[in-house]
Amino acid sequence: MRNPDTLPTTPVLHSCRQSRGRRIDVELAHPVVTARERDEFTTQLLGQLSREKYQDTVDTLTAPPTRHSTRPEFTATLSAAADVFTSLGYTVTRQPFSIPGGGDTVNCIADRRGSSSGERGLTLITAHLDSVNRGGAALPAPGADDNASGSAGVLELARVLSTETWSGDLRLILFGGEEQGLLGSIHHVRQLDPHDRARITAVINMDMIARRNTADPGVMVEGGEPSRDLIDELVVAAATWTDLAVTTSLNPFASDHVPFIDAGLPAVLTIEADDSANTDVHTEHDVVAKLDPDLAIEILRMNLAVAAGHLR
């Protein structure tokens with residue numbers, strides 16, 4: 001497939017984003033892509049996505065006053081998510097690690113083995129579960145958009161993907177320690193079994209997918225050099241299965257796709273358009289009432305279509 005920067009684009013030069021931890025000038029592109037014909041299997045699969053179930057999950061994840069990585073509320077929320085994965089038939093493991101400066105936290109990993117008797121590819125769908133208030137660990141941090149929205153997306157995709165038999169292997173991860181410096185994803189990538197590392201065909205990370213910052217519903221797909229083909233797939237899927245306005249970036253930073261890209265793996269971030277306009281992140285004001293679940297479902301449609309293609 002063609003790379004995003006070879007597609008007809010209207011560049012947006014030096015668009016500044018800072019909501020994910022640091023200010024950076026990036027050059028975004030608006031790819032113009034022709035939608036593909038919709039197939040019946042994917043149509044039915046995407047039809048199983050539920051706005052109501054997604055909203056219920058967001059409500060559950062934001063019920064504790066915080067999900068700071070080192071707080072008991074995070075551990076309890078992660079345990080509840082693990083129970084959901086288990087109920088859907090996934091094999092769940094916990095991956096503990098330490099936070100520099102004090103404290104421990106954990107990643108939740110849910111695996112489902114594919115049906116192929118040969119060499120199976122491995123598709124990862126990820127998000128960070130932790131939240132933070134920049135004023136301190138004990139302060140309220142509902143983290144509705146950042147990142148209950150993405151974590152609820154992982155759980156909703158887990159539900160839908162559990163209804164089919166797939167050829168490839170599927171791994172879903174809820175990371176801890178993201179807000180302390182991508183610690184959960186860094187730890188996971190370092191601990192990857194060499195065989196698993198070689199089998200990874202796609203890592204789709206979701207971070208802030210439910211805040212409507214633009215007049216039209218939009219998404220940015222961000223990756224690096226190893227991600228070019230995966231970016232293309234997501235852009236085509238958005239054109240085929242959604243009404244999203246899509247921008248792309250090859251300047252990855254400040255979310256859990258970065259450690260995978262640094263390891264040469266095909267990883268992308270899918271994030272709401274113009275995320276820097278959301279100034280409520282890392283404060284007590286990042287609440288459910290400010291989310292647009294319809295935007296989240298559109299982004300999930302794009303991600304599910306691409307994940308299903310890899311798993312098949």
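Strands here are DSSP E runs of at least two residues, and helices are H or I runs of at least four, numbered from the N terminus. This is a predicted model, where local features need pLDDT of at least 70, side-chain atom pairs count only at pLDDT 80 or more, and totals for chains, interfaces and linings use all residues. Residues are numbered from 1 along each chain as its sequence is written, and side-chain values use heavy atoms, with hydrogens and water left out.

Back to the strands. β3 (residues 91–98) and β4 (residues 104–112) run antiparallel, joined by 8 bridges; two strands pair if DSSP finds at least two bridges between them. They make a hairpin with 5 residues between them, and Gly101 in the turn has a positive phi of about 95 degrees. β4 also pairs with β6 (residues 169–175), antiparallel again, over 5 bridges. There, Arg112 has Leu170 as its bridge partner in β6.

Now, the inside. What is the size of the largest nonpolar core? It has 61 residues, and among those with the most contacts inside it are Tyr54, Phe85 and Leu172. Such a core is a set of buried Ala, Val, Leu, Ile, Met, Phe, Trp, Tyr and Cys residues joined through side-chain atoms within 4.5 Å, with buried meaning under 20% relative accessible area (1.4 Å probe, protein chains only). Helix α9 (residues 293–311) gives the largest share of this core, 12 residues. Leaving aside neighbours within four places in sequence, Leu172 is in contact (heavy atoms within 4.5 Å) with residues including Phe85, Ile125 and Ala158.

Terms used:
Buried < 20%, exposed > 50% of the residue type's maximum accessible area, 1.4 Å probe, protein only.
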